[in-house]
Structures are given as C-alpha cells and as structure tokens.
Amino acid sequence: MRTLGGLLVALTLTLATGSASASPPPQIAEEPVTTTLVEWSTWLRGGIVFAANGSPDANPARETMPPVDDASHDHAMAAVGALGAGFTLPIRQRFRVGPFAELRERGGLMFGGELLLLGEPGGLDLFQFDGTAAVGLRLGMNEEIRSAQLNVSYRAPWDLWGPQPRSHRYIIGASVVMAVAQSRTDPSDWSMTWGIEFEPVGALRYILGIRSWY
C-alpha cells in the first residue's frame, strides 16, 4: 500500500508539471453551472498523512499503537492515495449537494455526502476551459472511521462522450485538500492529510493529447 501512495503522489506531481506542453482541450460553451441537474466526476488524490497515536500505514481502528515511552512512535508521516466518485444536485443558487464513495489507501471504502459552494461561473479560465472556483466539504464514514475533508477547487464541465444535455454533465478539475480522519472507537487515534486531488480521465487526455477521448 505504501507503493500505491507513492505512485499516486508521483502521478499528481507529473500531471501538475506536464500540462503546459499538452495539446489544448476542445472549447466549450459557457453556461451557468447551476443550470445542470446532475454533475458527476471521478478523482484521484495523492497526499501526505500525519498520524497521531498510530502507524500511517494501518487503519486507525484496526491497529492502534499502544502507549510507548519513545514519543517518536506516537506520530508518523507517509504518502497515501485515494480513488473516488460522486455526483451533486443543485439546492440553491451556487450550492450543490450529493453523495460520494471513496476507496482510501488508509481507511478502506467510505461513503458520505458533499456540499459545494460555487464561485462565479466562468470566473476561472485554466487549460482553455471556462471553469468555476469552488469550496467543498465532504463528510464520510465507514464501520471503523469517520472523516471530514475541505476542498478548494477549480471545476469545469467536459464533454467526455460528446455534447451532453443540460440534465447531466461530467466535471473535471483539481483541488487542494485537507482531510481529518478519526477512529470511531478510539478518539485519540486520528490522522490529518494534505494533498492534491484531480479528475484523472480528463487530465490524462490533456497530458497525452488523446483527442479520441472527447
């Protein structure tokens, strides 16, 4: 699992530094984000986890380290990764809410909900996509841990399989994230993760110049 986390972090850095030389994606028409009923996306996340009272390579609820005299064993850091998917629905102007599922290298499969606050439509123009700034809050849990995650994001719609109706569309983008996880059985067993999250299909198409993925 350490290898998976390292690979995800390396892939994140590669995508972040290699986009300047990639072929440009297709132009899309501007329209308010809130006009779409369903917006869905997938994501990969790579980051660094700081764990207290446990090993960062272990599930905090499955393997909690006993107290030891050496304080260096009470805190640890490691590279971690996650893979997730979810969708949102509009609830008010510039607010969206919806469920998500995420498989974490540390913590296993988790389900939860996300609340998004969107910025001005078309307020950001990155990689020739008129996108939107957003702040998101994700709350999730499974049988062993609970988690909260704050995202500061750039989001843009993308015609993954050709023009899409207003009823639904696929969202690409990238986020800076901060997440906190806590054992449901031992509140003193917690971890904090800082990382970068990105939509993988559009990012790979952009980096590799795969025009057939439009």
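Before you click, a word on exposure: a residue is buried under 20% relative accessible area, exposed over 50% and partly exposed in between, using a 1.4 Å probe and protein chains only. You're looking at a predicted model, where local features need pLDDT of at least 70, side-chain atom pairs count only at pLDDT 80 or more, and totals for chains, interfaces and linings use all residues. Residues are numbered from 1 along each chain as its sequence is written, and side-chain values use heavy atoms, with hydrogens and water left out.

Select Trp40. At 27% relative accessibility, Trp40 is partly exposed.

How many aromatic pairs does the structure hold? There are 3. Rings of Phe, Tyr and Trp (its six-membered ring) pair if their centres lie within 6.5 Å; planes under 30 degrees apart are stacked, over 60 edge-to-face, the rest tilted. Trp40 and Tyr170 are edge-to-face, with 4.5 Å between centres and 65° between planes. Trp40 is in strand 1 (residues 38-52) and Tyr170 in strand 8 (residues 168-183), so this pair ties together parts 130 residues apart in sequence. Strands are DSSP runs of E, at least two residues, numbered from the N terminus.

Next, pick Trp43 and Phe100, a tilted pair at 6.4 Å and 55°. Trp43 is in strand 1 and Phe100 in strand 3 (residues 95-104), 57 residues apart. Both are buried.

Last stop: Arg138. A charge sits over a ring if NZ of Lys or CZ of Arg is within 6 Å of the ring centre and within 35 degrees of the ring normal. Arg138 lies over the face of Trp43, 3.9 Å from the ring centre, and its charged end also sits over the ring of Phe100, 5.7 Å from that centre.

Terms used
Helix = DSSP H or I, 4+ residues; strand = E, 2+ residues; numbered from the N terminus.
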